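Subject: Structure handover

Hello,

Here is the structure I promised to pass on. Please open it first, then read the notes below.

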Amino acid sequence: MKVSYFPGCTLKNKAKDLDRYTYRTAEVLGVALEEIEEWQCCGGVFSTAKDEIASKLSSVRALKAAYKKGQPLVTVCSGCHNVIKQTNYVMQNDRDFADKVNRYMAEEDAYNGETDVYNYLELLRDVIGFDKIKEKVVNPLTGKKIGAYYGCLLLRPSTVMKMDDPENPRIIEDLISALGAEPVVYANRNECCGGYIALEDPKSAEKRSLDIIRNAKANGAEMIITACPLCKYNLIKNGADIPVVYFTELLAEAFGVKEENDGE
Amino acid sequence: MQRIGVFVCWCGSNIAGTVDVKAVAEALKNEPGVVFSTDYQYMCSQAGQDLIKNAVKEHNLTGIVVCSCSPRMHEATFRKTASAAGLNPYMVEIANIREQCSWVHKEMPLGTQKAIILGKAAVAKVNLNTPLTPGESPVTKRALVIGGGIAGIQTALDIADAGFPVDIVEKKPTIGGKMAQLDKTFPTLDCAACILTPKMVDVAQNENIRIFSYSEVEAVKGFVGNFEVKIKKKARFVDETKCTGCGACIEKCPQKKVPNEFNLGMDTRRAIYIPFAQAVPKVATIDPDYCNMLKNGKCGVCTKFCAAGAIDYKQKDEMIEEKYGAIVVATGFEPISMDKFDEFAYSQSKDVITSLEFERLTNAAGPTAGKLLRPSDGKHPEKIVFVQCVGSRCSACAEKGKEYCSKICCMYTAKHAMLTRDKYPDTEVTVFYIDVRTPGKNFDEFQRRAVEEYGVNYIKGMVGKITPEGDKLKVRGSDLIANKQIKIDADLVVLAAAIEPDKSARPLATMLTASMDTNDFFTEAHPKLRPVESPTAGVFLSGTCQGPKDIPETVSQAGAAASKVIGLLQKDKLVGNPCVASSDQLMCNGCSSCERVCPYGAISYEDKDFPGPNRTTKTRRVAVVNPAVCQGCGACTVACPSGAMDLSGFKNTQIMAEVDAICK
């Protein structure tokens with residue numbers, strides 16, 4: 001199975017683990033990730049300004065590239081996924097906006113949100129299936145108590161993201177179970193880590209992050225996994241005293257494709 | 001040729017303010033068939049009606065056009081007037097020049113022009129009207145009440161007291177409904193059981209009332225006065241006629257781990273059970289999902305201990321067929337599921353409960369014998385947070401909540417808060433609210449008392465997140481008046497869940513061809529003037545199946561529904577509506593288009609012989625309309641591709657004449 005793949009800037013720099021393990025685990029599952037040629041930054045944050053076109057163009061280009069190949073577009077970073085999925089939604093549902101974008105791009109064929117966008121998690125659940133994942137596990141993570149950390153971008157706005165119940169998600173918990181570990185459910189798993197406010201008001205971000213770590217630990221988590229480079233950054237920076245890793249790393253470990261000297 | 005009189009009403013300034021009524025009367029004078037035309041200030045007044053009656057006699061009128069308000073308002077009035085003057089009442093036509101004309105236009109010339117056109121259309125129709133005579137049908141003098149909560153109980157008692165037999169169908173093993181689960185009732189704080197159970201006993205003892213408990217309505221046929229209903233009496237594996245309700249079987253039943261639905265799963269019951277001490281009928285029921293004997297044939301303990309020999313593992317579901325003149329829907333409500341509201345951590349902590357669970361926790365017959373203890377560890381909660389409007393007034397989150405106000409939550413939350421502070425003064429009680437809505441006799445005074453006398457801390461604002469941690473529930477909310485974020489480490493959180501119609505209501509509405517709104521509440525025939533009648537004749541509404549209500553309101557509506565039923569049942573014959581559809585069988589090709597669109601199930605098919613050439617006969621399938629069921633909506637006349645369907649009083653020719661008059 002071949003899919004278009006949008007890694008995003010962070011995955012080529014700070015979050016190389018996320019990228020590397022996505023490739024390796026996809027290979028185990030027989031999924032060929034075809035990186036979009038000359039992809040550009042997703043825009044970083046989805047602008048809710050209705051007349052804001054420029055910041056959304058790079059996402060549209062990525063979506064269109066996948067459409068031309070007739071493939072779904074797979075993302076893995078929560079931030080990129082959020083921007084690209086929301087942009088696709090606007091292209092589907094806002095005629096005026098889509099017309100403007102298409103005229104601006106001045107290419108022959110118009111794009112109107114035809115591409116299916118999956119976060120890698122959704123690909124694992126909806127296309128491959130967690131039962132298939134279970135079959136591929138060679139190092140079951142038995143006995144590990146792992147807290148899923150969703151953050152905000154993966155689930156919200158729920159009418160657009162359509163990944164899971166934003167208040168009671170279970171997609172990562174189900175993945176953890178499939179890998180043989182024990183998911184720890186804790187209330188703050190869908191709270192914000194502080195996000196970009198870490199730049200302007202680090203104290204606030206620290207408070208948010210510590211709230212999450214404390215709550216996860218209080219419910220028995222020995223490790224936190226996430227899909228978001230920014231979440232991981234904030235949690236570690238603000239003093240996480242349990243490991244915080246990408247879900248792809250955990251997946252690689254269970255599949256037996258993680259090497260000892262890996263790491264940034 | 002008709003001799004038509006035109007009567008233009010001013011309706012004070014309602015019509016005359018934007019319509020030149022004299023000009024309308026003058027213009028219509030020259031229409032074909034019109035022999036008399038006049039205007040008057042209030043045509044519906046006694047003087048106005050006399051004016052019509054005198055004109056009928058004086059000018060020998062055969063038809064009448066009244067240019068006035070909507071026919072929904074006064075058509076019946078003017079039909080009676082015509083009747084009193086010796087005319088057939090169906091020779092009256094109303095031209096609505098108020099709601100559809102003067103009220104929506106601002107300029108006199110435009111309003112006048114439209115009123116004239118509407119008048120012309122009505123005149124064109126009357127020219128083709130024929131006298132109609134309504135048919136009659138008998139009335140079965142027995143009522144069916146679906147649902148045995150306080151609404152159904154009150155309706156049944158009132159109908160029975162008037163001397164008519166009533167059957168109550170209740171899907172649970174006992175009547176009593178939600179009210180039986182409540183502890184105290186606002187605003188007087190009398191105990192729910194103390195006022196409800198005597199009524200339940202009255203129902204049991206009333207010789208006009210039969211209770212079909214643990215039963216469901218399976219099918220409904222027929223029409224007002226003549227419903228035929230199939231009721232499924234589910235097997236309870238206990239012979240109701242023999243069981244004395246002694247409870248010996250329950251004590252001995254070894255299956256002790258069944259979640260007790262009466263206490264909302266907060267404790268357990270046995271596989272054979274009586275829901276609560278005052279149940280009516282006080283008869284045991286075996287739960288087939290848990291009974292070892294029914295599941296794998298190994299047990300039979302209850303048989304050994306039943307002195308009455310009432311246990312019957314072989315009992316089967318039983319079908320009962322009965323005829324009814326009227327049906328009352330009293331299917332009630334359920335609190336919505338908290339699944340989609342996990343920001344309040346309902347699925348994560350046992351100490352986040354709903355208000356109905358709180359009722360059971362404070363009730364002497366509840367899982368804690370009335371002591372307010374945390375479900376998780378049985379400790380006394382020192383800080384309690386109540387969250388109102390969970391899922392109510394939730395327009396931004398329509399996929400998980402309800403847009404409407406559930407109406408009862410402000411009052412029961414004030415009750416819970418007050419009772420907690422009264423019984424446990426050391427407990428700190430906080431209520432988060434969007435608005436406090438307490439209209440009702442002595443309601444606002446009640447809520448004020450919770451604040452002023454009992455020191456309940458009311459905070460305007462919503463809770464955004466509840467984080468269970470250790471043995472605390474970290475509640476984060478906003479105080480909109482102080483404009484700040486609030487954090488409370490609570491021991492117990494009570495969610496005032498929105499209420500929604502019982503799940504059984506939707507399929508029932510389909511069986512009854514009764515209409516529902518988008519929230520699955522039954523719709524009333526008129527929101528103000530016919531609040532307890534469904535638009536489907538003979539179907540009445542009682543209690544929360546029609547919309548959120550508290551107990552006083554439910555009981556008054558239950559009584560009102562009963563009085564409507566009594567009014568219907570005391571008639572020997574029902575006069576039908578003569579404006580019903582009929583099919584011209586020579587033109588009908590039996591295509592079923594009409595049957596498919598008929599919302600009342602009034603159309604059926606029969607095979608009929610028609611003469612063919614050379615003395616042969618040919619059998620064809622043709623549509624037949626049951627005039628007693630037909631409500632005259634006209635959907636079939638539009639659907640019929642061959643023009644065989646026609647509606648008396650609104651014949652295709654009449655409608656076309658109206659259109660022609662308008663387009664002329």
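Two strands pair if DSSP finds at least two bridges between them. Keep that in mind for the sheets. Also note that this is a predicted model.

Start with an open sheet of three strands in chain B. Its order is 24-25-26, and the pairing is antiparallel. Which strands stand at the edges? They are strand 24 (463-469) and strand 26 (484-490) of chain B. Each has a single partner strand, so one side of each is left without a neighbour in the sheet. From one strand to the next, the twist averages 20°.

Look at one pair in detail. Strand 24 of chain B pairs with strand 25 (residues 472-479) of chain B over six bridges, in the antiparallel sense. Within this pair, Ile466(B) stands opposite Val475(B) of strand 25.

How many bridges link strand 11 of chain B and strand 12 of chain B? There are eight, and the two strands pair in the antiparallel sense. Strand 12 covers residues 226-233. Lys221(B) stands opposite Glu228(B) in strand 12 of chain B.

**Domains of chain B**

The domain assignment of chain B gives these ranges:

- Domain 1: 4-126.
- Domain 2: 143-228 + 317-330 + 510-549.
- Domain 3: 248-305.
- Domain 4: 334-500.
- Domain 5: 581-648.

Take domains 2 and 3 of chain B. Their C-alpha centres lie 27 Å apart. On the domain 2 side, 15 residues are in contact with eight residues of domain 3 of chain B. Which element gives the largest share of that domain 2 side? Helix 8 (residues 192-205) of chain B does, with six residues. By class, the domain 2 side that touches domain 3 of chain B has 10 nonpolar, four polar and one charged residues.

**Helix pairs**

In chain A, look at helix 6 (residues 120-128) and helix 9 (residues 171-178). Their axes come within 11 Å and cross at roughly 65°. Angles of 65 to 115 degrees count as roughly perpendicular. Helix 6 and helix 9 of chain A are therefore roughly perpendicular to each other. Their crossing is left-handed. From helix 6 of chain A come Leu121(A), Leu124(A) and Arg125(A). They meet Ile171(A), Ile172(A), Asp174(A) and Leu175(A) in helix 9 of chain A. By class, this contact has five nonpolar, no polar and two charged residues.

In chain B, turn to helix 12 (residues 355-362) and helix 13 (residues 409-423). Their axes come within 11 Å and cross at roughly 35°. The crossing of helix 12 and helix 13 of chain B is left-handed. By class, the contact has three nonpolar, four polar and no charged residues.

**Where the chains meet**

How many residues of chain B are in contact with chain A? The count is 13, and they touch nine residues of chain A. By class, the chain B side has four nonpolar, four polar and five charged residues.

**Backbone points to check**

Most residues other than glycine have a negative phi, and most peptide bonds are trans.

- The peptide bond from Arg156(A) to Pro157(A) is cis, with omega near 0°. Pro157(A) lies in the loop between strand 5 (145-149) and helix 8 (158-161) of chain A.
- Val280(B) and Pro281(B) are joined by a cis peptide bond, with omega about 0°. Pro281(B) is in the loop between strand 15 (272-273) and strand 16 (285-286) of chain B.
- Leu189(B) is not a glycine, yet it has a positive phi of about 65°. Leu189(B) sits in the loop between strand 8 (184-185) and strand 9 (190-191) of chain B.

Best wishes

Methods. Residues are numbered from 1 along each chain as its sequence is written. Chains are lettered from A and ligands numbered from 1 in the order in which they are written. This is a predicted model: local features need pLDDT of at least 70, side-chain atom pairs count only at pLDDT 80 or more; totals for chains, interfaces and linings use all residues. Axes are lines fitted to C-alpha atoms, for helices over the stretch in contact, and angles run from 0 to 180 degrees between N-to-C directions. Helices (H or I, at least four residues) and strands (E, at least two) are DSSP runs, numbered from the N terminus. Angles under 35 degrees count as roughly parallel, over 145 as roughly antiparallel, 65 to 115 as roughly perpendicular and the rest as oblique. A crossing is left-handed if the near helix is turned anticlockwise from the far one by less than a right angle, and right-handed if clockwise. Two residues are in contact if their C-beta atoms, placed from the backbone, lie within 7 Å. Ala, Val, Leu, Ile, Met, Phe, Trp, Tyr, Cys and Pro count as nonpolar, Asp, Glu, Lys and Arg as charged, and the others, Gly among them, as polar. Domain bounds come from an automatic or database domain assignment.
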